Amino acid sequence: MGFLEKLKKLFSAAPGGEAAYWLYVQCDRCGEKIRSRVDLYHDLSAIYEASGTTYFCRKVLIGQQRCYQKIEVEMWFDQRRQLTERKIHGGQFISEETFAESQA
């Protein structure tokens, strides 16, 4: 495999569609609704264990409106990069529909 082919593979989408997990959160302080994308092949940190590899991701989100409070999200994924657990500090999780309603 040539250098350009390796480079193309590195930046191309993962097989089977989009490799992303979308986060929808609302700030506890000002109520701003924020959307963020987690790239499942580049944003996750591997955790190597005897039972297999799992993944972790930590995101700190800051809104654009007025309060600039940090919203920290921690997520754990299984071997197939499927979400297994998530925690949030400084905000709360909302649905995609709730986020869409606020943008209309």
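# Reading the side chains

User: Let's start with Cys30: buried or exposed?

Analyst: Cys30 is buried, at a relative accessible area of 17%. Buried here means under 20% relative accessible area, exposed means over 50%, and partly exposed is what falls in between (1.4 Å probe, protein chains only). Before we go on, keep in mind that this is a predicted model, in which local features need pLDDT of at least 70, side-chain atom pairs count only at pLDDT 80 or more, and totals for chains, interfaces and linings use all residues. Residues are numbered from 1 along each chain as its sequence is written, and side-chain values use heavy atoms, leaving out hydrogens and water.

User: Where does Cys30 lie, and what does it touch?

Analyst: Cys30 is in the loop between E1 and E2. Helices (H or I, at least four residues) and strands (E, at least two) are DSSP runs, numbered from the N terminus. Leaving out residues up to four places away in sequence, Cys30 touches Arg66 and Cys67, where contact means heavy atoms within 4.5 Å. Gly91 is 61 residues from Cys30 in sequence, with the two C-alphas 9.7 Å apart.

User: Cys30 touches a cysteine, then. How many disulfides does the model have?

Analyst: The test is a pair of cysteine sulfur atoms within 2.5 Å, and by that rule the count is zero. For Cys30, the closest cysteine sulfur is the one in Cys67, at 3.5 Å, which is too far for a bond. Cys57, for its part, is buried at a relative accessible area of 3%.

User: Now the charges. How do I read a salt bridge, and how many are there?

Analyst: The idea is that side chains of opposite charge can pair when their charged atoms come close. The cut-off asks for a side-chain nitrogen of Lys or Arg within 4 Å of a carboxyl oxygen of Asp or Glu. Searching the whole structure turns up three of them. One joins Glu72 and Arg58, with 2.9 Å from N to O. That pair links distant parts of the chain, 14 residues apart: Glu72 sits in strand E5 (residues 70-77) and Arg58 in strand E4 (residues 52-62). Glu72 is partly exposed at 22%, and Arg58 is partly exposed too, at 49%.

User: Next, rings. How many aromatic pairs are there?

Analyst: In general, a pair of aromatic rings is described by the distance of the centres and the angle of the planes. Rings of Phe, Tyr and Trp (its six-membered ring) pair if their centres lie within 6.5 Å; planes under 30 degrees apart are stacked, over 60 edge-to-face, and the rest tilted. The count is three aromatic pairs. Among them, Tyr24 and Phe99 are tilted, at 5.5 Å between centres and 50° between planes. Tyr24 lies in strand E1 (residues 20-27) and Phe99 in helix H2 (residues 96-103), so the pair ties together parts 75 residues apart in sequence. Both Tyr24 and Phe99 are buried. The rings of Phe56 and Trp76 have centres 5.2 Å apart and planes at 55°, so they count as tilted as well. Phe56 is in strand E4 and Trp76 in strand E5, so parts 20 residues apart in sequence are tied together. Trp76 is partly exposed at 23%.

User: Which charges sit over rings?

Analyst: The rule wants NZ of Lys or CZ of Arg within 6 Å of the ring centre and within 35 degrees of the ring normal. The charged end of Arg81 sits over Tyr55, 4.3 Å from the ring centre. Arg86 lies over the face of Phe93, at 3.8 Å from the ring centre.
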